[in-house]
Amino acid sequence: MKKVLALLMFVVVLMGLTACSGQSAQVDVGIVLPTKDEPRWVQDETRFREALKDTEYSVEILFSQGSSAKEKENVDALIAKGIKTLIICPHDGGAAAAAVEAAKAEGINVISYDRLITDTEAVDYYVTFDSIAVGEAQAQYLVDNATGTGHPLYLYAGAASDNNAFLFFEGAWNVLQPKIADGTFVIKNSSEAIALQDKATLTRDEMGKIIGQITTNWDFNEAKNKAEAHLTSAADADKGDVFILAPNDGTARAIADAFASDAAVTSYLVTGQDAEIASVQYIIDGKQSMTVFKDVRTLVKDSIDMAVALLSGGTPDTTGSYNNGKIDVKAKQTEVIVVDKENVKAELVDSGYYKAEEFTGLE
């Protein structure tokens, strides 16, 4: 009997130890990114891991794969692991409110990363690039390369669910509208933009109407299909030497491929942002005109510095604030750099951001 009892005791202890070892270790910083299907976010994941590897804090990074429901599941999973700080780039700024409110209810600090989470008080800080400056830089590039009048202008935008898409477009409109009004550019693919072309400042609802017509939803295929549809419906006179506002690098490549395939398009200038490797190669090859370089190293460093300050009981540094529809969210902004064929090597290779061997034809 004693031997049986001893054996039972041993089994109970062993089961307890096994259960304990199976429990997830506590995570200090939880990071949720929107999708692995865009190179930009995979790049961010790498930068985050590099930035945290020399700290005492543990991290787990999850991807929401373009689903707000999955995003909420990710946040719930990180809450269960005892995170103290959540860094989240929302798939949909408004839909993410429920996820961060759940985190806030558990006393977790919330940092909105790159895209602002809207219509909730459960956001402590926002780390971002100057999104209006991004749109202004894209538009200024088109303006600087336009001489004369009557240039066909094709407008494209990001997803209406992303607050940044509005900020990018607002910045672009700030620069383009005077040049539309004076006849430098003629809008060819948005009746809503044409109807509003005499307004220097647009309301959010007015921008929403335009974006509703020209959205790419940050999707390569949607961007290509939309561009092809616009070219199919346009007369040859609406083509020729065209100017294209594309919101980011992925959509820029897709749109550029569509315009390059149209025999009536004699030349095109197309904007982008994020300095993705594929688009850097496109710039070197002359297939994309420019990109707005947002140094993710700086954005990630600002986020980690902010998280570490919060974890250690300090107050993060901020440079301004953004209203998210409920509150003014304290923010840290990072500057952006315009990159084209002339400075691509200096800004992206000589700076150590990329290695030269990742590209061909680099001079």
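Buried here means under 20% relative accessible area, exposed means over 50%, and partly exposed lies in between (1.4 Å probe, protein chains only). These legends describe a predicted model, in which local features need pLDDT of at least 70, side-chain atom pairs count only at pLDDT 80 or more, and totals for chains, interfaces and linings use all residues. Residues are numbered from 1 along each chain as its sequence is written, and side-chain values use heavy atoms, with hydrogens and water left out.

**View 1. Ser289, a buried residue in a loop.** Ser289 has a relative accessible area of 12%, so it counts as buried. Its place is the loop between α11 (277-285) and β10 (290-293); helices (H or I, at least four residues) and strands (E, at least two) are DSSP runs, numbered from the N terminus. Beyond its neighbours within four places in sequence, Ser289 is in contact with Tyr141, Tyr268, Leu269, Val270, Ile283, Val339, Asp340 and Lys341.

View 2. Gly272 is found in the loop between β9 (265-270) and α11. Its relative accessibility is 0%, so Gly272 is buried. Gly272 and Asn248 are 24 residues apart in sequence, yet their C-alpha atoms are 4.2 Å apart in space. Setting aside neighbours within four places in sequence, the contacts of Gly272 include Gln138, Ala246, Asn248, Asp249 and Ala252, and also Gln288, Met290, Thr291 and Val292.

**View 3. Asp302 in helix α12.** Helix α12 covers residues 296-311 and holds Asp302. Is Asp302 buried or exposed? Its relative accessible area is 12%, so Asp302 is buried. Apart from neighbours within four places in sequence, Asp302 is in contact with Val127, Lys332 and Thr334.

**View 4. Two loop residues with positive phi.** Gln65 is not a glycine, but has a positive phi of about 50°. The loop that holds Gln65 runs between β2 (59-63) and α3 (68-80), and Gln65 is partly exposed because its relative accessibility is 39%. Asp119, likewise not a glycine, has a positive phi of about 60°. Asp119 sits in the loop between β4 (109-113) and β5 (125-129), and a relative accessibility of 46% makes Asp119 partly exposed.

**View 5. The largest pocket.** On a 1 Å grid over the protein atoms alone, a pocket is an open set of points with protein on both sides within 12 Å along at least five of seven lines, while a cavity is a set of points where a 1.4 Å probe fits but cannot get out; lining residues have an atom within 4 Å of a point. Grid points are joined across faces, edges and corners, and a volume is the space filled by probe spheres set on the points. The largest pocket holds about 270 Å³. Its lining has 16 residues, with Thr35, Glu38, Gly66, Asn217 and Trp218 nearest the centre. By class, five are nonpolar, six polar and five charged; Ala, Val, Leu, Ile, Met, Phe, Trp, Tyr, Cys and Pro count as nonpolar, Asp, Glu, Lys and Arg as charged, and the others, Gly among them, as polar.

**View 6. The largest cavity.** Two cavities of 30 Å³ or more turn up in a search of the whole structure, and the largest has about 110 Å³ of space. Of its 13 lining residues, Arg40, Trp41, Arg115, Trp218 and Asp274 are closest to the centre. Which elements give two or more residues to this lining? They are α2 (39-52) and α6 (163-181). The lining comprises three nonpolar, three polar and seven charged residues.

**View 7. The second largest cavity.** This cavity has a volume of about 60 Å³. Among the residues that line it are Gln138, Tyr156, Phe168, Phe169, Trp218, Leu245 and Pro247. Helix α6 gives the most to the lining, with four residues. Nine of the lining residues are nonpolar and two polar, with no charged ones.

Definitions and conventions
Contact = heavy atoms within 4.5 Å.
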